[in-house]
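Here is my note on the model. Please read the points with the coordinates open.

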Amino acid sequence: MTFNYTELKPFALRIDSEERKVIGEIAQGFVDRHHGTSLNDDDVLYEIEIATGGLPPSLRRELAAFRDHSNTHGAMLITGLPVGDIPATPKNFAEEPDWSDVALSSVTQLMLMSLLGRVISYEDEKNGLLLQDIYPKEGSESLQENSGSVLLELHTEDGFHPSAPHFLSLLGLRSDADGEAVTVTAGIEDVLPHLSSNAKVELRRPAFQTKYSTSFVGSDGREVLTEPGPILSGCPTSPDLCVDFHAVHCLDSTAQRALDELEIVMRSHLYGTVLEPGDMVIIDNRRAVHGRTAFRPTFDGKDRWLRRSFALADLRPARQNLNGRQHAPITA
Ligand SMILES: O=C(O)CCC(=O)C(=O)O
Ligand SMILES: [Fe+2]
């Protein structure tokens, strides 16, 4: 089983060489001033926000519009971003680079995310890093996690979390050797007209529980489920969506039928692309699910490598749980 999808590249916002130079220079200026500092610091992140003032106006305008209105796909692809020289793909945590070893891509990604919201991370996951390295890990091949290489089912990112990201970005640093790893997304506004009225009603019932992902459940690894909640909520024509087809438990069979219908319809409205160096997909985590096709890992330093970042539209609701931009663990 794989995902069939419409290629997202024709819809991309393309950064041309002139714009790439401008973005690269702004990022480099920041690197020269802040080399060796931690990124998880409000003052440093405000500097990054201020630096976005010099970015190409067309890019800023597109991001502002996506921030405010999303789009029917719930996703936006930007191609041609500066990434600089890329070291070998890490094989384990010890090999993951400091941000300043992949400085241009790091600052570029954070600048773009800070136009969408406030960058945050979760202490429970990937050591609370603001920029997370996504690469295949030996021994994790069959896991439904981003370190795996089997097909990764469609999901809302961290949908079980009380402060799930509103936006996430995945920036390609290196694609897989076979060019087979396709990141796919499906937006609720594309899908809604194809759902039966019954499913639309069912999906608004609090009849669905989501299993916490393993990094968020504490050291004993027990299964933790959210309180029952709906999958669709809010505006009838442009609802919020929260679903993980690998991790949702339905309270009854009518809920299960609606979930199955949603999955079939979402799978037939996928957009996707192989993320190449400098391609960044931004996902509106309230309007779209994402996933990835299977691929062949090599574990030789030439593997696929993405960097991921999260943003919240507003830090205040999470304030009591934040240490800087790091969200405290959610299970004891
Ligand atoms: O590998 C991908 O393209 C997506 C992985 C993913 O879902 C994630 O890192 O959140
Ligand atoms: Fe994900």
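1. H155 belongs to strand β6 (residues 152–155) and H290 to strand β15, so the two tie together parts 135 residues apart in sequence. Helices (H or I, at least four residues) and strands (E, at least two) are DSSP runs, numbered from the N terminus. Both H155 and H290 are buried. Buried means under 20% relative accessible area, exposed over 50%, and partly exposed in between (1.4 Å probe, protein chains only).

2. A word on conventions. This is a predicted model, in which local features need pLDDT of at least 70 and side-chain atom pairs count only at pLDDT 80 or more, while totals for chains, interfaces and linings use all residues. Residues are numbered from 1 along each chain as its sequence is written, chains are lettered from A and ligands numbered from 1 in the order in which they are written, and side-chain values use heavy atoms, with hydrogens and water left out.

3. How many salt bridges does the structure hold? The count is 16. The term requires a side-chain nitrogen of Lys or Arg within 4 Å of a carboxyl oxygen of Asp or Glu.

4. Take D133 and R307. Their salt bridge has its closest N and O atoms 3.0 Å apart. The pair links distant parts of the chain: D133 sits in strand β5 (residues 132–134) and R307 in strand β16 (residues 305–312), 174 residues apart. D133 is buried, at 2% relative accessibility. R307 is buried too, with a relative accessible area of 2%.

5. R296 and D178 also form a salt bridge, at 2.9 Å from N to O. R296 is in the loop between β15 (288–292) and β16, and D178 in the loop between β7 (167–174) and β8 (182–187), so this pair ties together parts 118 residues apart in sequence. R296 is partly exposed at 44%. D178 is partly exposed at 34%.

6. K9, E276 and D279 form one network, joined by salt bridges that share partners.

7. Finally, D68 and R67. Their side chains meet in a salt bridge, 3.0 Å from N to O. D68 is partly exposed, at 48% relative accessibility. R67 is partly exposed as well, with a relative accessible area of 37%.
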